[in-house]
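Visitor: I have a structure to look at and would like to talk it through. Could you take me around, one topic at a time?

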Amino acid sequence: MAAAAALAAADTPPAVPQAAGTGGPTARRDFYWLRSFLAGGIAGCCAKTTVAPLDRVKVLLQAHNHHYKHLGVFSTLRAVPQKEGYLGLYKGNGAMMIRIFPYGAIQFMAFEHYKTLITTKLGVSGHVHRLMAGSMAGMTAVICTYPLDMVRVRLAFQVKGEHTYTGIVHAFKTIYAKEGGFLGFYRGLMPTILGMAPYAGVSFFTFGTLKSVGLSHAPTLLGRPSSDNPNVLVLKTHINLLCGGVAGAIAQTISYPFDVTRRRMQLGTVLPEFEKCLGCYYVTTLISFSTMRETMKYVYGHHGIRKGLYRGLSLNYIRCIPSQAVAFTTYELMKQFFHLN
């Protein structure tokens, strides 16, 4: 999610008026929303594929899988290929790709829409509108793609030889049939929404602010002309990496306890301590605030802060740099390829 959030974070830099005879902006507006959708989706998929092994390890550690719960991040990275083969590091990545493409695309387009709406209708401008629009865009994308994330987590949690689901379609059918129908796909939605609001908002705010300040004060040092529109400045690749990494690290630290709670609620009955964790709640309440609170209290009470609510956080910090590097590099290339500048 860090990559997708930060991709849309920056406002478009001011452009010098286009000279006559260069074709004009109208020719570039055809299918603009489709081109934006493709650019965000492709960038998100490339970034997530790059860090897929780290995502698998994160799920295993967050939910205390009994095969790996005694191991750390790097030990688990070594243990998974030994037990499940190297493809085990990419378990659940197919479902992730199906989810992350629309997720990144929806978030990018929603951010631009909300930013304009907040500025024109509410009169809020400056850096604050990035914070508000980013939070709203993140929550919109989460709600639209949450069932796919639920299936992806279930597949990623499975260990070779102990499969409950044979694939994406089977997981959808099983969850629908055994866990309360449609509502079963939204287990853990509440902590996701509560975690996404500060996460996406801070990501948009931090990255957008760093980018605008950098290009305003040191355009030659930090920026370069866009290949599809030389009048528009874009950040150099290594500067994109730095800004995105800082934004992702700050946002992740703030929202991580909600992420841990969400994962455990998504896994639900798969976890051995499910009943102790959630008590006697009915399926229809599994997306409620009370269930989220009970889950968070259980994790804190049994595992504490460092080994519970923040377990696996170091892995997320390690994910930030490569994820942002691939996301921003791909996104900048796609923006230029699709003539979005």
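This is a predicted model: local features need pLDDT of at least 70, side-chain atom pairs count only at pLDDT 80 or more; totals for chains, interfaces and linings use all residues.

Visitor: What is the chain built from, in terms of helices and strands?

Guide: The protein chain contains 14 helices and two strands.

Visitor: And how much of it counts as buried?

Guide: Of its 341 residues, 53% count as buried, while the accessible surface of the protein chain comes to about 15000 Å², with 68% of that belonging to carbon and sulfur atoms. If you look at contacts between residues at least 6 apart in sequence, 77% of them join residues at least 24 apart.

Visitor: Let's turn to charges. How many salt bridges are there?

Guide: The structure holds seven salt bridges, and one of them joins the side chains of Arg56 and Glu84, with N and O 3.4 Å apart. Arg56 belongs to helix H3 (residues 52–62) and Glu84 to helix H4 (residues 73–84), so this pair ties together parts that are 28 residues apart in sequence.

Visitor: Are those two buried or exposed?

Guide: Arg56 and Glu84 are both buried, and they also belong to a network of salt bridges in which Arg56, Glu84 and Lys91 are linked.

Visitor: Which residue does Arg99 pair with?

Guide: Arg99 meets Asp149 in a salt bridge, at 3.7 Å from N to O. Because Arg99 lies in helix H5 (residues 93–121) and Asp149 in helix H6 (residues 128–157), the pair ties together parts that are 50 residues apart in sequence. Arg99 and Asp149 are both buried.

Visitor: What about Glu112, where is its partner?

Guide: Glu112 forms a salt bridge with Lys115, and their closest N and O atoms are 3.3 Å apart. These two residues are three places apart in helix H5, so about one helical turn separates them.

Visitor: Why does Glu112 count as partly exposed?

Guide: Glu112 counts as partly exposed because its relative accessibility is 21%, and a residue has to be under 20% to be called buried.

Visitor: New topic: what can you tell me about helix H8?

Guide: Helix H8 (residues 189–217) has 29 residues and reaches 41 Å from its first C-alpha to its last, which is close to the 42 Å expected at 1.5 Å a residue.

Visitor: Where does its kink lie?

Guide: There is a kink of about 30 degrees at Met196 in H8, shortly before the proline Pro198.

Visitor: Which backbone oxygen lies 2.9 Å from a polar atom of its side chain?

Guide: That is the backbone oxygen of Pro257, which lies 2.9 Å from a polar atom of the Thr261 side chain.

Methods: Residues are numbered from 1 along each chain as its sequence is written. Side-chain values use heavy atoms; hydrogens and water are left out. A salt bridge is a side-chain nitrogen of Lys or Arg within 4 Å of a carboxyl oxygen of Asp or Glu. Helices (H or I, at least four residues) and strands (E, at least two) are DSSP runs, numbered from the N terminus. Buried means under 20% relative accessible area, exposed over 50%, partly exposed in between (1.4 Å probe, protein chains only). Contact means heavy atoms within 4.5 Å. Accessible areas come from the Shrake-Rupley method with a 1.4 Å probe; for residues, only the protein chains shown count as cover. A polar contact is a pair of N or O atoms within 3.5 Å; within protein, one must be able to donate a hydrogen and the other to accept it, and residues adjacent in sequence count only if both atoms are side-chain atoms. The expected span of a helix is 1.5 Å times one less than its number of residues. The bend at a residue is the angle between axes fitted to the seven residues ending there and the seven starting there.
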